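Dear colleague,

Please find below the structure that I am handing over to you, together with its sequence. I would be grateful if you could read the notes after it with the model open beside you.

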Amino acid sequence: MANKSQFQAIKGTRDLLPPETALWNQVEQTAREVFATFHFGEIRPPIFESTELFARAVGGDTDIVGKEMYTFSDQPASTSPTAPSEEKGSGESSASQPSSATSISLRPEATASVCRAYIEHSMQQLPQPVKLYYIGPMFRRERPQKGRYRQFYQIGAEVLGGQDAPAIDAEVIEMLMTFFDKLNLKGLELDINSIGHNAPNCRPAYVALLKSELEKVKDKLGADSQRRIDTNPLRVLDSKLDFEQPIIATLPKIADHLCDDCKRHYEAVKTQLQLRGVFYRENWRLVRGLDYYMRTTFEITAKGLGSQNAVCGGGRYDGLVELLGGPPTKGIGFAIGEDRLILSLQEQAREAAAAQGTATEPTVQSPLITNQPPLIFIAWMGHNAYATAVRAAKDLRTAGFPVEVPPTELKFGKALGQADKLGAQFALILGENEISEGLWTLKNLTDGNQLKLSEPDLIAHLRSL
Ligand code: HAM
């Protein structure tokens, strides 16, 4: 037979596999629980949207829109050989009225989608603000490395409408820190900044000043920063290049050039954070890489991630809904990089295990994975025992215990070997004797102890452990 080539996941994408996916689920469940206590509801926007939505929201000159989006042309359904009848029913266009192809992009982020949905569903008519969260994959064609993928996952939240009260900024950050606290993730650092707003006496004046100062040192900067002097001077402040750091340190700081309103807002956000016991560090260079931000910006870095250590980013974006065709609307939110969060939790668990001398590579998870019900392997022998095994498995699963039942009979030694390989904590042994006596054998595979139990006592016993 011809040699068939095998397939691999596309560069920058990966399969998330058990047992790691259990940790992902727990992280997501924790987010759902914490966000619900702040009265956020879940939104599930589509994974692709019109390219123009991201271009307008995130900004045409940003790396995300300029270089990183997965964009394709979606032909009208009438030109597709597979779906001519579907289109007739859609009521939008028909084969006799071909519409032009639309440019579509896989979402690189979800704030734009949430704002689009806010407008599309007239959410401004709901009690304000509207508080929404989302969990799902995003797509950016970045150079893959540890903590940086082309398909990655975000857990994000947005507050839309209502006021721009600094208490809202602080509460959003408080929610975020509560979530990280619940996960027991240590060593996080929260950086905050204000980048002012788009009025002549505020950010534009600062950007003009920054630009003129950058022009003076242009020759000493790298190619990217030189280009950004013209396209987006604020982004020069983001540079991680060592040789640019002393130059950047001498540049004017935005905090000294905010208008009075933005200055007051920023001061009040800090007071509100203190009121909530949230520790922060002011970082005047935190400008963020998306165009829609104004006033408050923030970022959280975590340990164990190398250079890709930003585990969350967010900020205020009061003009965005209007920019997308909606009414003037306040907005603030954040997105956590779930892949990086998981890496950091695993790294923390690895360090803790190493410190205790109990390194458990490669399945090391996190302290989150505790109190899981034990896996029970049913070692049945003989035709008569099989029906009992099936019944026992059903009852145990109904009671919430994970159960493995071999589909065909195994010799006793082989069954216990299999139970061990699967990581079962108990073997329920059902042989001829157990069936005839009505007393089942429960073997603790960790210490080797065995117990005889009647069918009604089994679940009560397992629950009591
Ligand atoms: P962002 O800073 O572009 O903000 O992304 C947020 C987080 O997503 C980052 O801090 C990082 O943890 C994670 N992330 C970004 N790119 C990648 C990647 N290629 N691989 C792995 N993780 C990645 C936003 O996306 C904004 N929409 C956040 C926001 C919501 N602002 C207001 N509301």
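The notes below go from the overall fold to the ligand site, a pocket and some backbone details.

This is a predicted model, in which local features need pLDDT of at least 70 and side-chain atom pairs count only at pLDDT 80 or more, while totals for chains, interfaces and linings use all residues. Residues are numbered from 1 along each chain as its sequence is written, and side-chain values use heavy atoms, with hydrogens and water left out.

Overall fold

The protein has 465 residues, of which 48% count as buried (under 20% relative accessible area, with exposed meaning over 50% and partly exposed in between, for a 1.4 Å probe and protein chains only). Its C-alpha trace spans about 90 × 65 × 55 Å along the principal axes. The protein contains 16 helices and 16 strands; these are DSSP runs numbered from the N terminus, helices being H or I with at least four residues and strands E with at least two.

The ligand site

The ligand is surrounded by 27 residues, and the closest are Glu109, Glu142, Glu158, Tyr293 and Ala310. By class, the shell holds 12 nonpolar, eight polar and seven charged residues (nonpolar: Ala, Val, Leu, Ile, Met, Phe, Trp, Tyr, Cys and Pro; charged: Asp, Glu, Lys and Arg; polar: the others, Gly among them). Strand 6 (151–160), strand 10 (310–316) and strand 11 (331–337) each contribute at least two residues to the shell, and strand 10 gives the largest share, with six residues.

Several polar contacts (pairs of N or O atoms within 3.5 Å) can be listed:

- Threonine 111 places a polar side-chain atom 2.9 Å from a nitrogen atom of the ligand.
- Glutamine 154 has a polar side-chain atom 3.1 Å from an oxygen atom of the ligand.
- Glycine 337 has a polar backbone atom 3.4 Å from an oxygen atom of the ligand.

Taken alone, the ligand exposes 660 Å², and the protein buries 96% of that area (Shrake-Rupley method with a 1.4 Å probe).

The second largest pocket

The second largest pocket holds about 380 Å³ of space. A pocket here is an open set of points on a 1 Å grid over the protein atoms alone, where a 1.4 Å probe fits and protein lies on both sides within 12 Å along at least five of seven lines; lining residues have an atom within 4 Å of a point. The volume is the space filled by probe spheres set on the points, which are joined across faces, edges and corners. Its lining has 16 residues, with Arg203, Asn232, Leu234, Leu290 and Asp291 nearest the centre. The lining divides into seven nonpolar, four polar and five charged residues.

Backbone details

Most residues other than glycine have a negative phi, and most peptide bonds are trans. Proline 18 and proline 19 are joined by a cis peptide bond with omega about 5°, and proline 19 lies in the segment before helix 1 (20–37). The bond from glutamine 128 to proline 129 is also cis, with omega near -5°; proline 129 sits in the loop between helix 5 (111–120) and strand 5 (130–139).

Histidine 39, although not a glycine, has a positive phi of about 65°. Histidine 39 is in the loop between helix 1 and strand 1 (41–42), and it counts as exposed because its relative accessibility is 66%. Arginine 288, likewise not a glycine, has a positive phi of about 70° and lies in the loop between strand 8 (281–282) and strand 9 (294–301). Arginine 288 counts as buried because its relative accessibility is 13%.

With kind regards

Methods: Near = heavy atom within 4 Å. Polar contact = N/O pair within 3.5 Å; in protein donor to acceptor, adjacent residues only side chain to side chain.
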